[in-house]
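The tour goes from one selection to the next.

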Amino acid sequence: MPRSPEMQPDSPTLSRRSLLRGAAAVLGGLVIGIELPARRARADEPQASGAAVNAFVHVPAQGPVSLIMPAVEMGQGVYTSQAMCMAEELEIGLDQVQAIAAPPDREHYGHPIFYVQATGGSTTTMAWTEPLRKAGATARAMLVAAAAEAWNVPASELTTEQGVITHRPSGRTVRYGEVADRAAALPPPANVSLKSPDQFRLIGTRAKRIDTPDKVTGKTVYGIDVMRPGMKFAALMASPVLGGKVEHVDQGPALKVAGVRQVVVLDDMVAVVGDNTWAAEQGLRALDIAWAAGPNATLNQAQLWADTEKASEGPGVTVRKEGDAAGKLKSGTVVEATYELPFLAHTSMETQNCTVHVHDGGCEIWVGTQVPGFAQAGAAQVLGIPPEKVTVHNHLIGGGFGGRLEAAPIVTATRIAQKVDGPVKVIWSREQDIRQDMFRPLYHNRLKARVENGRITAWQHRVTGPSILARWLPPAFKDGIDSDAIDGAAEPPYALGDMLVEYIRHENVVPFSFWRGVGPNSTVFSVESFLDRIARQSNTDPLTLRRGMLEKNPRGLAVLNAAVAKAGWDKPVAGSPFGSRTGRGLSLMHAFGSLLACVAEVTVTDHGDVRVTKVVVAADVGRVINPDTVIAQIQGGVVFGIAAVLHNRITFAGGEVEQSNFNDYRLLRINEMPTIEVELLSSQEASGGIGEPGTVIVQPAVANAVYAATGVQLTRMPLDASLLAKSV
């Protein structure tokens, strides 16, 4: 995903959206928000006490301060880390904050980097930390000014702590809520000073997550938990062949199932509506549906790979050119290789679901989505009504991984709901969730390097794949370059001599979308695998090769050294009960504003099965807001990435997805869990993203460890056990 405001010159930047001019009093509270002079905010969010909300901070007369969260919580911990930023400047405790999902409103809550209302690309911390600190600081300044006015004393004589304002000369105190109304009537200050790091009391601490208690007690309501009066439940089945249509349905067998109320037939899918999910699923299974396969009936995986390979040989768009890499690569010792990444599904624990109620010329939606604005617009388009007629109640998400950056499931649910009288909850079965996903696309990476005296003097990297940005965020697709697809290739952390990086846009009929780790999954895997190939062919230690290219990158060298020191790189890999062949692999990345190095240890059995036994990650993620959150994200990303490199792929035969559930699309099982150690390096650089780097960094480290253990470098993921068996 895009990570630079410069990529969208027509989008407002933070400087243009100067903070906090539009404070407003709402139901006895103070509301602080980003300036939006064009129009007033909507007043449809019941969680904000029925108030019109155009703000980030709501200070009520009684009760906890509300942080109106522009980013969605899907397990990454932003409800806590961003609340810490606001509370730090507002001078309240984290236990005095509640986080509330922001309503669809791009003008108020549009992402400062890519300016659609979205949560993704590991950008929440980069995008929102400073605005939310400023929101907290401005709220504090206005509350202090209100108390000073009420007491007729200079504001400079007042102090704040834990939501209480104190005038020490007179001994008077007042709670924030008691002066919120008066504060709301004051003009917000044009500028506020933020704390220096040495003044932090919350930022940098191991604060407990504020969403944990409700999750532990079952109080949290995810989208799939929503219940509405009179609600019905729908199970659906789409054409098994990509792009196929419904040819014929006999509704009779389904309508005979107890609890089934209705069969909804659309051109490309069938939904059964019942009193509960069980009845709807049984009704769906009773149906005999005839499908018209359409033009994709012969689609198969081998052809998809072949088409991508052929496209990679065509002309590309130059992304980066320094020196004469192409000329230098015509002679001397040249190493080259290709690396291929497969389609992948998102497989979040909470399958796709959406509750929709079409009524009174409008529509209400209950869902967990990373793109509430897209959801609103998509439903409105289906119904032919203005977006303002669609209310989206956004909920916490049970795993996103990019899968909820698309509004397609909400559009599908709305198409069904418009034929149902009353609210209906549409739930995708695990099989439908996998087969009808929008997949991480195929990527093909072709690399060449000239090596002289153990050093790389010329480097060429061609990335072939589709452009997600061209569809998802067209303004970010410039000059034929998808900045996501080449992220990690255009600016590797190393000095690689003369460079030529090219991008070839190639798309097929398979629907595709972002996936956790996005573009760097492809490019970092390829670069780091290729470096180990160069090291082996040059009789150079992989660590020595990398260190030699980091002389002008002290942060990169520091995380690399930290990882190898913690992993004991200079010591033999410990023996393993899982097999006799063991190896240790290394990788380094700089993406999402963060630097990570990883050392993985593996054992390979005689049958070619790979067991990852230990993973060590060192990370410089800039200034850390909550170390526990960062470590947890790295650990979770590592687990996600190991499953990808060892087990996962989506393949097509006869136009159909061949995988259907966790039996053939494997997550890492508990008995396969390695030891994971994480070391955070101290840094005062700007905070980087961390939700995705763990997934990216572990994949090449595991592949390189397998290479070290077997001498076989596999270039198409996932690892193929048959190629690693001793009999090969």
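Start by selecting strand E7, residues 164-167, together with E8: the two pair in the antiparallel sense over 4 bridges. Strands here are DSSP runs of E, at least two residues, and helices are runs of H or I, at least four, both numbered from the N terminus; two strands pair if DSSP finds at least two bridges between them. This is a predicted model, in which local features need pLDDT of at least 70, side-chain atom pairs count only at pLDDT 80 or more, and totals for chains, interfaces and linings use all residues. Residues are numbered from 1 along each chain as its sequence is written, and side-chain values use heavy atoms, with hydrogens and water left out.

Pick Thr 166 next; opposite stands Thr 173 in E8.

Move on to the aromatic rings. The structure holds 11 aromatic pairs (rings of Phe, Tyr and Trp, the last by its six-membered ring, with centres within 6.5 Å; planes under 30 degrees apart are stacked, over 60 edge-to-face, the rest tilted). Select Tyr 339 and Phe 525, an edge-to-face pair with 6.3 Å between centres and 85 degrees between planes. Tyr 339 belongs to strand E15 (residues 334-341) and Phe 525 to helix H14 (residues 518-537), 186 residues apart.

Finish with Phe 56, Tyr 109 and Trp 128, which form one aromatic cluster.
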